[in-house]
Structure formats: structure tokens, C-alpha cells
Amino acid sequence: MKFKIKKLDGRYAHNRHFEYCVEFPRKTFGPVEFHTVMAWMIETYGYSAEVRDFMYIRDMLLRRQQFNVPESDTPDFVNQQWSWTNGSNNLRLYFATDKELSFFKLRWVKKDENN
């Protein structure tokens with residue numbers, strides 16, 4: 001399985017909510033591996049909205065909270081632990097903290113010499 005782990009910093013749009021992303025290349029078996037891991041993430045952490053929808057919904061809910069709408073109204077699919085996207089050259093999974101990344105690494109032993 002080939003993937004690359006990146007620590008998110010100010011260059012990445014989603015660094016406010018996620019610390020890491022794991023990229024799978026679109027070539028060869030990247031999409032198969034991405035969806036295999038994504039299915040495991042759903043089984044492990046529950047479903048999560050695609051990252052662009054995730055960010056839109058979170059921002060909308062933050063604006064609603066200004067009018068005393070309780071945070072408990074956040075839908076379950078705005079999963080605070082992870083998200084994903086297939087809208088770039090690479091397929092990406094986003095992880096909130098070291099905890100999620102470590103569990104991912106334990107499950108999916110990396111055999112790629114590039115990282």
C-alpha cells in the first residue's frame with residue numbers, strides 16, 4: 001500500500017480542524033487502497049462528510065451558535081476525528097490528532113520507502 005503522510009500547517013486549507021492528511025496517489029491501485037482504508041475508517045470512527053462539506057457545515061453551525069443554537073445539534077456526519085476528499089490529484093484522508101494517525105499506522109503498516 002502506497003501513501004504519504006503530511007503534517008498540516010498554514011499552507012493547507014483544512015489545518016484548523018485536522019493535524020494530518022494521508023495521500024494516496026491516483027495512479028495504479030491508489031483508489032482501491034484509498035477506499036479500502038476509508039471503509040476501515042467508517043467502521044472504526046463512523047461516517048464523515050467529505051472535507052469541503054465538513055468545513056461548510058461546521059462554519060454554518062458556528063454562525064448559528066451566535067444565535068444560541070446548541071452545539072449538540074451538530075450532525076453525526078460532521079465527524080470531528082476524520083474526513084476525506086477525492087477532489088485533488090491525490091486522494092486524501094484527514095486526521096484530527098496523533099491518536100487517529102497512530103491507530104491508522106498500526107493497522108496499515110507502511111511498506112513505502114518514500115516516507
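Which residues do ring pairs link into a cluster? In this predicted model, where residues are numbered from 1 along each chain as its sequence is written, local features need pLDDT of at least 70, side-chain atom pairs count only at pLDDT 80 or more, and totals for chains, interfaces and linings use all residues. Side-chain values use heavy atoms, with hydrogens and water left out.

The cluster joins F3, F24, F34, F95 and F104 through ring pairs. Rings of Phe, Tyr and Trp (its six-membered ring) pair if their centres lie within 6.5 Å; planes under 30 degrees apart count as stacked, over 60 as edge-to-face and the rest as tilted. Eight aromatic pairs are present in the structure. One of them is the tilted pair of W40 and F103, with 5.5 Å from centre to centre and 45 degrees between the planes. This pair bridges distant parts of the chain, as W40 belongs to helix 1 and F103 to helix 3, 63 residues apart. Helices (H or I, at least four residues) and strands (E, at least two) are DSSP runs, numbered from the N terminus. W40 is buried at a relative accessible area of 13%, while F103, at 40%, is partly exposed. Here buried means under 20% relative accessible area, exposed over 50%, and partly exposed in between (1.4 Å probe, protein chains only). F95 and F104 make another tilted pair, 5.4 Å centre to centre and 45 degrees between the planes, and both residues are buried.

Another buried residue is H14, with a relative accessible area of 15%. H14 is found in the loop between strand 1 (4–7) and strand 2 (20–25). Not counting residues up to four places away in sequence, H14 touches L8, V51, M55 and Y94. H14 and Y94 are 80 residues apart along the chain, yet their C-alpha atoms are separated by 8.5 Å.

Terms used
Contact means heavy atoms within 4.5 Å.
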